[in-house]
Amino acid sequence: MPTETFEFQVEARQLLQMMIHSIYSNKDVFLRELVSNASDALDKLRLEALRDESLGADVSDLHIDIEADQQSRTLTVRDNGIGMSHDEVVQLIGTIANSGTAKFLRELKEAEGTTAAEGLIGQFGVGFYASFMVADEVTLLTRRAGESQGTRWTSDGEGTYTVETVDDAPQGTSVVLRLKPEDSEDRLYDYTSPWKIREIVKRYSDFITWPIRMAAQPKPDQGKPDQGPDADSTAAAEPGADAEDAPAEPETLNSMKALWARSRDEVTDDEYHELYKHISHDWIDPLETIRLQAEGTFEYQALLFIPSHAPQDLFLQGYKRGVQLYVKRVFIMDDCEALMPPYLRFVKGVVDAQDLSLNVSREILQQDRQIQLMHRRLAKKVLSTVKDMMSAEPEKYATFWREFGRVLKEGLLGDSDNHAAILGVSSFATTHDADEPTTLARYVERMKDGQEHIFYLTGESRQVIENSPHMEAFKAKGIEVLLLTDPVDEVWVDAVPEFEGKQFRSVAKGEVDLGTEAEKEEAETERGKQQEEFGALLSWMTDRLGENVKEVRLSSRLTVSPACIVSDTNDVTPALENIYRAMGQELPTVKRILELNPAHPLVVGLNKAHTQDQDAPAPALEETAQLVYDLALLAEGGELSDPARFVKSMADRLERTL
């Protein structure tokens, strides 16, 4: 058959060079990756054979073989699993099908230290390429179950690879590594050594549910002296000689014990961590391990993991979420979405049910009552674990919230049953402390006497929010405000009415009524006088700015700025409008309210000028009113409808001051 030569895509070639020049400190992990891939292939074949009886694949002895040849310095990892087609080999091996690869390579180069580099690599599932850390050449031979022809892929990792079709390939996949010379200083060990292979498999892959077998090694020549021509015939005639020459049985290297089925005291943390790495293709230990055993009418076991870091593609469309589903120790599917809500999509792990059908489909899972019960209980278990972490291990919780807080808050939009639990484990930036976020419980404890609401303000960054005119009265009175900067915050604050009886209230919406009862009465009296003094100006500006605002009124929230723009209590904010439009949902334009600071010299001067020219206000006065609105819009981060007009007006005003 003709041999085709292909070039690696640019990103794959760059990654290969990093592998060849060894960015890993621990090169042993290449074998873990190959065994993990082989195990996945066996899982897929058994599942495919259950669903398609016409496949004709032999699943009676699914296993993984490891063969080492010390003379030729080759190491082979072979499975009799699902295999790959010609197109799959070119697609999966010749390229790195991940839109974030370029970003990954950039971050990899910037990563400080080996641990950071290894962590980044693990996020992109490129374990096969780790073979080039230890091999000068890699050959992959594979045939997909149900197909008659196989494919051989070969590369030295220098930029090209060859692919050819072969007729005599066995079902499954074998990867043959032509190993580099041993170099202990570079931690490049002798990977043909049986004890080294045993050590790696035991450390990383003992829990794999398929037998990992290693061919028996030929006994080395004992160096017996030559006893002449008759010695061989004599030895051959000795009893037991045939038994000594018979090939030894292959050695099974792993225990194949499902960790989730073993009691906690039988499993070490290292074993749990290796299972997590096998499932997630991560290279860093998980942040937390969660065990759950449900007994009664519906029995299942769960072993879940919270990662130490968020994957790069957590918020990208197409992110694979869900946990692995087993039925009575039989693998059913990866990424079972029905078992875990979308806002917990970062959770990895295994759920092993005792009473489901082996032939269950994703569609059936969505409707299955038992699955729905498991879904609810698993979500509550994860949230209760985070709550325990918050009180018992605050540093670990801080890591969790930094990595996953943004996605966890998505649960406030859909999981009404767990609103209280999610709010209970959430933290928010606050004006109370520039560095430490606060929980809502601690916010409520610090609320001032008479304060009825939990105040918040949304925005692009902490700095933007703190400098917002809407914050001025709250700063003046020392009232704490939550500073919400995640896009999801714009949405959930309208979906969640309250926390422990205290309603959420935006400082940029509605009227602000702060202070004690006596202070409120005094302010009301003063407001009546100001309303009479500024009433004509407010009516005139409401009329002139009617295209943009529904009302111009005096403000009780401003102490420094001349004006700000606010929304009515139940109106959609501009930021939320933009989110809906980005999703393709057009909303009717909502006019907002312009508030003026009656104590600001600009507003006082504007009122005086309007009083003097009340019958026929000069064009300059109308221009000033428009500028006041534009400045308020810019102060909250809004966009001007006519920037050129604004610039011209400002330039003219500045020119007249010189």
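## Thr-76 and its contacts

Thr-76 touches Asp-65, Ile-66, Glu-67, Ser-174, Val-175 and Val-176, leaving aside residues up to four places away in sequence; contact means heavy atoms within 4.5 Å. Thr-76 belongs to strand 3 (residues 74–79). Strands (E, at least two residues) and helices (H or I, at least four) are DSSP runs, numbered from the N terminus. With a relative accessibility of 8%, Thr-76 counts as buried, a term for under 20% relative accessible area, with exposed over 50% and partly exposed in between (1.4 Å probe, protein chains only).

This is a predicted model, in which local features need pLDDT of at least 70 and side-chain atom pairs count only at pLDDT 80 or more, while totals for chains, interfaces and linings use all residues. Residues are numbered from 1 along each chain as its sequence is written, and side-chain values use heavy atoms, with hydrogens and water left out.

## Aromatic pairs

A search of the whole structure gives 15 aromatic pairs. Rings of Phe, Tyr and Trp (its six-membered ring) pair if their centres lie within 6.5 Å; planes under 30 degrees apart count as stacked, over 60 as edge-to-face and the rest as tilted. Phe-30 and Tyr-191 make an edge-to-face pair, with 5.0 Å between centres and 80° between planes. This pair links distant parts of the chain, 161 residues apart: Phe-30 is in helix 2 (residues 29–51), and Tyr-191 is in the loop between strand 7 (172–179) and helix 6 (194–204). Phe-30 is buried at a relative accessible area of 0%, and Tyr-191 is buried at 2%.

The rings of Trp-260 and Tyr-326 have centres 5.0 Å apart and planes at 50°, so this pair is tilted. Because Trp-260 lies in the loop between strand 9 (251–252) and helix 9 (269–280) and Tyr-326 in strand 12 (residues 323–327), the pair ties together parts 66 residues apart in sequence. Trp-260 is buried at 4% relative accessibility, and Tyr-326 is buried with a relative accessible area of 6%.

One aromatic cluster is formed by Phe-346, Tyr-397, Phe-400, Trp-401 and Phe-404.

The charged end of Arg-32 sits over the ring of Trp-283, 4.9 Å from the ring centre. A charge sits over a ring if NZ of Lys or CZ of Arg is within 6 Å of the ring centre and within 35 degrees of the ring normal. Arg-406 has its charged end over the ring of Phe-315, at 3.9 Å from the centre.

An open sheet of five strands runs in the order 10-11-14-12-13, with mixed pairing; two strands pair if DSSP finds at least two bridges between them. Its edge strands, strand 10 (288–294) and strand 13 (330–336), each pair on one side only. Strand 10 pairs with strand 11 (residues 300–306) in the antiparallel sense over seven bridges. Ala-294 stands opposite Tyr-300 in strand 11.

Helix 2 packs on the sheet and touches strand 12 and strand 13, its direction making about 105° with that of strand 13. Axes are lines fitted to C-alpha atoms, for helices over the stretch in contact, and angles run from 0 to 180 degrees between N-to-C directions. Helix 11 (residues 369–392) lies across strand 10, strand 11 and strand 14 (348–353), at about 140° to strand 10.

Strand 19 and strand 20 (residues 502–506) pair in the antiparallel sense over two bridges, and Glu-498 stands opposite Gln-503 in strand 20.
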